[in-house]
Amino acid sequence: MPKVPCTHCHLEFDESVMITEPHGEETLYFCCKGCQGVYHLLESEGLDTFYDKLGDTKLQPAIQQHDDLEKFDLEGFKNKYIKTTDEGLNEIYLIIEGIHCSACVWLNEKVLHKTDGVIEATINYTNNKAKVVWDPDEIRLSKIIETIRSIGYNAYPYDPALQEERAEKTKKEYYARILVAVFGAMNIMWIAIAHYAGYFTGMEQRFKDILNVAEFILATPVLFYSGWIFFRGAYYGYKNHIVNMDTLVASGALLAYIYSIYAMISHNGEVYFDSVVMIITFVLVGKYLEVLSKKHAVDTLDSIMGSTPTEVTLVQNEEKTLVSVENVIMGDIIELKPGEKVVIDGIVTDGEGSFDESSLTGENLPVLKQKGDPVLSGSICLDSVIRYEATKDASNSLLYSIVSLLEESITKKPRIEQLADQVSGYFSAVILTLALLTFAGWWYFGGAFEQALITGISVIVIACPCALGMATPMATLVGIGMAAKHNILFKEAGYLETMAKSDLLALDKTGTITEGRPSVVNLQTFEGYDEDLLYALVSTSKHPVSEGIRRYLEKNGKPFAPIALDAIKTVQAKGVEATYEGKKLKGGNGTFMQASGIACSDDTAHTLFYFAVDGKLAARFELSDTIREGAKEAIANIQRMGIRVVMLTGDHEASAQSVADAVGIEEVHARLLPQDKAALIDAFHEEKHIVVMAGDGINDTIALARSDIAIAMGSGADVAISVSDVVLLDEKPKSLYEAYRISRRTYRAVKENLGFSLLYNTIAVPFAIAGFVNPLVAALAMSLSSLVVVGNSMRIKWLKLK
Amino acid sequence: MSENIVILMLGISTFLGALGLAALLWGLKTGQFDDQSKFIDGARFDNEEELRDAVMMEEKRKAQKKKKEKKDAYRPAD
């Protein structure tokens with residue numbers, strides 16, 4: 001049968017199952033009523049040029065099944081998400097679901113613009129976030145959401161007070177500062193060329209003055225606007241009694257600036273405005289790259305938090321009402337529909353169904369919950385309608401307590417980060433003291449205040465700006481860039497150093513060493529096995545086992561014929577059944593088969609899935625959670641580096657041990673609750689270990705937050721990403737090993753750089769203290785020393801990674 | 001060569017550069033660089049209609065403002 005594309009969404013289906021409609025001379029095909037509706041709506045609004053813009057892009061079919069519109073007008077919702085502008089307008093940030101291409105953005109904006117009462121609607125194509133401003137007197141938010149839904153997209157609100165918004169703001173701020181710094185640097189450079197040319201060929205003082213003033217004008221905004229961040233950092237350092245990099249950069253740049261002003265006015269000595277601007281620009285760019293990699297990770301987090309429900313369905317006297325999560329009190333009866341996420345802890349009172357608790361326990365098989373069983377927030381109800389009694393209110397529920405714990409740990413700086421600046425901190429302190437002593441010495445013994453000041457400042461100028469200031473940022477910059485290229489995101493440069501020092505690696509099992517989802521390892525087929533039928537059957541279920549089989553079929557087979565099944569029924573925690581053209585299809589575990597009188601053998605360590613057609617067994621699948629590729633080699637390599645590798649898991653001993661044996665981990669801690677994992681991390685700390693923890697679930701987050709370096713898997717699909725310091729985007733265990741190698745190599749480069757600048761300083765600084773500094777020599781020495789540091793840092797790139 | 005020429009050259013070129021910088025900062029502040037693909041798409045799709053749309057939105061905003069001023073100005077007689 002020929003396949004035709006749907007006129008709206010462009011997905012292809014058999015002609016026979018399509019809704020056809022004559023339209024002038026041609027026939028239109030639609031895959032569903034939703035698409036048909038959207039098409040006519042767009043046509044009548046004169047927006048059908050959308051399809052020209054769309055080209056060949058395929059959309060999601062416009063299926064409408066929401067009935068939660070009224071929640072957008074609730075008071076609680078308003079307080080949480082809607083901002084009122086100064087002009088009395090309402091403003092909200094939405095995430096639009098279903099945007100595939102720029103034509104989608106165009107259509108959404110266009111339709112919103114045409115809606116009365118909408119004052120502004122801008123959609124960001126890159127992250128699908130929309131800002132909508134509207135007049136509350138003319139239109140309600142529910143109407144706006146309805147408009148978006150009517151054209152086949154969905155929108156849900158997101159809280160602009162979240163991390164991401166803050167990260168975005170810092171990013172913009174940094175960007176503006178960098179623009180000014182780069183502008184200043186580029187212009188000062190060509191003026192400086194004229195200046196340096198003057199040294200060799202001779203220049204009249206009156207021209208020198210002009211160049212000096214021009215440099216002064218350019219350097220001033222760079223130092224005080226772009227360099228403001230360093231002054232701020234130095235101030236915080238001063239308040240906490242730490243001499244940090246910021247202190248060094250700020251004091252060095254400021255003193256060089258003051259000295260240059262003095263030199264400019266007194267015609268005494270050379271100006272160093274170009275050094276001031278260069279040092280600020282370089283260090284600032286390094287800091288900006290840190291901010292950028294931080295934002296990446298936060299982006300992923302927000303859409304997850306945004307999909308957490310803010311309302312629950314309460315049942316009171318057999319009447320259902322939507323209530324904001326904050327207003328639920330203990331003892332309320334809450335109803336859960338299939339697919340809904342639990343946000344409040346409780347105990348089941350009515351009904352039974354399976355729950356996906358993988359984000360809490362790491363266990364990927366669903367758990368059957370019956371009357372009297374506890375329901376934990378963060379789990380997802382998979383297959384049936386359930387009522388349960390709230391035993392805690394929202395703020396005390398597991399999900400929220402974890403979230404608040406995470407927020408706390410993000411704002412609180414890890415203690416090790418302060419250590420990262422220690423080495424350069426000592427140098428800064430020593431240089432500053434030396435400069436002071438020089439100044440005091442010259443003043444006391446020489447008697448001339450002016451000369452004492454110049455000599456003191458020249459100590460800082462020759463020592464500070466280049467080599468020492470760039471030793472750490474330059475190397476970590478290259479290290480971070482190198483790591484990012486290999487899909488390893490370090491959120492901050494300091495983490496490279498901490499990771500290099502670590503001597504213990506704690507690994508979570510599910511999702512970190514293993515893939516965290518069952519996949520087919522063995523298959524037996526019998527008579528009557530039809531892949532198309534099985535595919536249609538397993539596609540109806542979201543159960544991890546069904547999805548594992550669906551993935552397996554998709555990998556091995558050709559495209560599947562779409563089959564419309566009838567009487568689809570999900571039996572909780574057992575399987576699915578359906579009929580097709582009179583045939584009875586059943587798919588599920590052994591108990592399900594035995595209940596239907598189908599004989600099957602059950603002896604295996606793996607999870608089993610049977611498929612039966614008309615009461616006869618057609619196929620038998622064995623599934624297990626496979627170990628990630630290369631895990632064994634990576635762990636062996638890490639152990640060879642002298643790092644102790646430990647496995648922490650919430651799973652039971654037997655399966656933990658078998659995975660540990662397979663990858664070669666000797667130390668296994670099984671049956672751990674989230675708190676237990678964290679307690680173990682603390683115990684490792686007490687043994688004076690620097691701990692790196694890798695994990696991916698909510699159950700790992702507390703432990704992640706406690707460890708010195710937390711590594712999360714990119715698809716951790718969790719708050720885990722937000723507490724982590726390093727994110728492995730490709731999720732390969734090999735990346736763990738590579739992260740170690742990069743960090744150790746970078747740390748070595750940092751040490752080399754610091755060692756070199758120490759050497760340079762021990763030679764150059766005494767000259768400066770003695771008052772022998774010839775400006776030309778100083779300028780040459782400074783540029784050369786920084787070139788050495790840059791070159792040495794670049795050598796990190798030679799590290800061979802597969 | 002007189003100082004004035006050097007001053008003029010330096011001053012004008014730096015000033016022109018500064019103008020560009022200011023424009024860039026303004027664009028950044030008003031969020032024109034928030035979405036990289038939008039600019040490119042604008043070149044592909046925008047035509048007269050988009051311009052009319054933009055004008056329509058401007059007018060909407062103005063009308064709303066006017067309405068609000070009217071509302072604020074209205075004082076019930078005591």
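**Where the chains meet, and beyond**

Author: Let's start at the interface: 25 residues of chain B are in contact with 24 residues of chain A (contact means C-beta atoms, placed from the backbone, within 7 Å of each other). On the chain B side, helices H1 (3-29), H2 (36-45) and H3 (48-73) each supply at least two of the residues that touch chain A; helices are DSSP runs of H or I with at least four residues, strands are runs of E with at least two, and both are numbered from the N terminus. H1(B) gives the most to that side, with 10 residues. Sorted by class, the side of chain B that touches chain A has 10 nonpolar, 5 polar and 10 charged residues (nonpolar is Ala, Val, Leu, Ile, Met, Phe, Trp, Tyr, Cys and Pro; charged is Asp, Glu, Lys and Arg; the others, Gly among them, are polar).

Bear in mind that this is a predicted model: local features need pLDDT of at least 70, side-chain atom pairs count only at pLDDT 80 or more, and totals for chains, interfaces and linings use all residues. Residues are numbered from 1 along each chain as its sequence is written, while chains are lettered from A and ligands numbered from 1 in the order in which they are written.

Chain B has 3 helices and 0 strands, running α-α-α from the N terminus on. Buried residues are 4% of its 78 residues; buried means 20 or more other C-beta atoms within 10 Å of the residue's own, exposed means 12 or fewer, and partly exposed is in between, with C-beta atoms placed from the backbone. In chain A, buried residues make up 45% of 802, and the secondary structure comes to 27 helices and 31 strands.

Now zoom in on H23 of chain A, residues 674-686. At 1.5 Å a residue, its 13 residues should span 18 Å, and the end C-alpha atoms are 19 Å apart, which agrees (the expected span is 1.5 Å times one less than the number of residues). Pro674(A), Lys677(A), Ala678(A), Ile681(A) and Phe684(A) of this helix are buried. Looking down the axis of H23(A), you'll find those buried residues within an arc of 110°, so they line one face of the helix; the arc is that of the directions from the helix axis to the C-beta atoms. On the other side of H23(A), Gln675(A), Ala683(A) and Glu686(A) are exposed.

Most residues other than glycine have a negative phi. Lys688(A) counts as exposed because 8 C-beta neighbours lie inside 10 Å.

Another loop for your list holds Gly372(A), between strands E15 (367-369) and E16 (374-375) of chain A. Gly372(A) is exposed, since 8 other C-beta atoms lie within 10 Å. Leaving out residues up to four places away in sequence, Gly372(A) touches Ile347(A) and Val348(A).

Methods
Two residues are in contact if their C-beta atoms, placed from the backbone, lie within 7 Å.
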